Amino acid sequence: KQWYQRRVAITAGGLTSNLVPQYAAAVLRSNLWPGSYVFGLDKKFENLYIGYGHKYTAENYSPPAPPATQEEYPSGAEVTEVPDPTVDEERALQAVQQEQLDREAEEAEMEEDDEDDD
């Protein structure tokens, strides 16, 4: 059965006898949801729940194990931070890059001239 019934005296808070039934309340406890109670007296009743929100099971609840920890991200040259270059270093790099562009442009012009001569 899902519910368990007993009579409890309102004033005493314990089990009562049938000698004073006008002061006894009916208390129902759920066997499916431990901690769920219903109590009533005359035509009034209330529900009360004091529990963890889990249905009754024969075996104890054990939460699943957490996933294995992940490996750290490999640190290589592409993710390693380096200090910012100074202004002089940046200008030197720009000068080298400009020289390379000028050389490539000259080579391209020379190749065009050679093709035109043919």
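Asn-47 sits in strand β4, which spans residues 44–49. What you're looking at is a predicted model, where local features need pLDDT of at least 70, side-chain atom pairs count only at pLDDT 80 or more, and totals for chains, interfaces and linings use all residues. Residues are numbered from 1 along each chain as its sequence is written, and side-chain values use heavy atoms, with hydrogens and water left out.

**Overall layout**
- The chain has one helix and four strands, with helices (H or I, at least four residues) and strands (E, at least two) taken as DSSP runs numbered from the N terminus.
- Reading from the N terminus, the order of elements is β-β-β-β-α.
- Of the 118 residues, 8% count as buried; buried means under 20% relative accessible area, exposed over 50%, and partly exposed in between (1.4 Å probe, protein chains only).

- Asn-47, over in β4, counts as exposed because its relative accessibility is 53%.
- Ala-24 belongs to strand β2 and is buried, since its relative accessible area is 7%.
- Ala-24 and Asp-42 are 18 residues apart along the chain, and their C-alpha atoms are separated by 9.5 Å.

**A nonpolar patch**
- Leu-32, Trp-33 and Tyr-49 make a nonpolar surface patch of about 250 Å².
- Patches are built from residues with over 30% relative accessible area and no salt bridge, joining like charges within 9 Å and nonpolar side chains (Val, Leu, Ile, Met, Phe, Trp, Tyr) within 5 Å.
- The areas come from the Shrake-Rupley method with a 1.4 Å probe, and for residues only the protein chains shown count as cover.
- Leu-32 is in the loop between β2 (24–30) and β3 (36–41), and its 32% relative accessibility makes it partly exposed.

**The largest pocket**
- The largest pocket holds about 150 Å³ of space; here a pocket is an open set of points on a 1 Å grid over the protein atoms alone, where a 1.4 Å probe fits, with protein on both sides within 12 Å along at least five of seven lines.
- Its lining (residues with an atom within 4 Å of a point) consists of His-54, Lys-55, Tyr-56, Thr-57, Glu-59, Asn-60 and Tyr-61.
- By type, the lining splits into two nonpolar, three polar and two charged residues.

**The salt bridge**
- A search of the whole structure turns up one salt bridge, meaning a side-chain nitrogen of Lys or Arg within 4 Å of a carboxyl oxygen of Asp or Glu.
- Arg-103 pairs with Glu-99 in a salt bridge, and their closest N and O atoms are 3.9 Å apart.
- Both Arg-103 and Glu-99 lie in helix α1 (residues 87–117), four residues apart, or about one turn of the helix.
- Arg-103 is partly exposed at 47% relative accessible area, and Glu-99 is partly exposed at 45% relative accessibility.

Technical notes. Grid points are joined across faces, edges and corners, and a volume is the space filled by probe spheres set on the points. Ala, Val, Leu, Ile, Met, Phe, Trp, Tyr, Cys and Pro count as nonpolar, Asp, Glu, Lys and Arg as charged, and the others, Gly among them, as polar.
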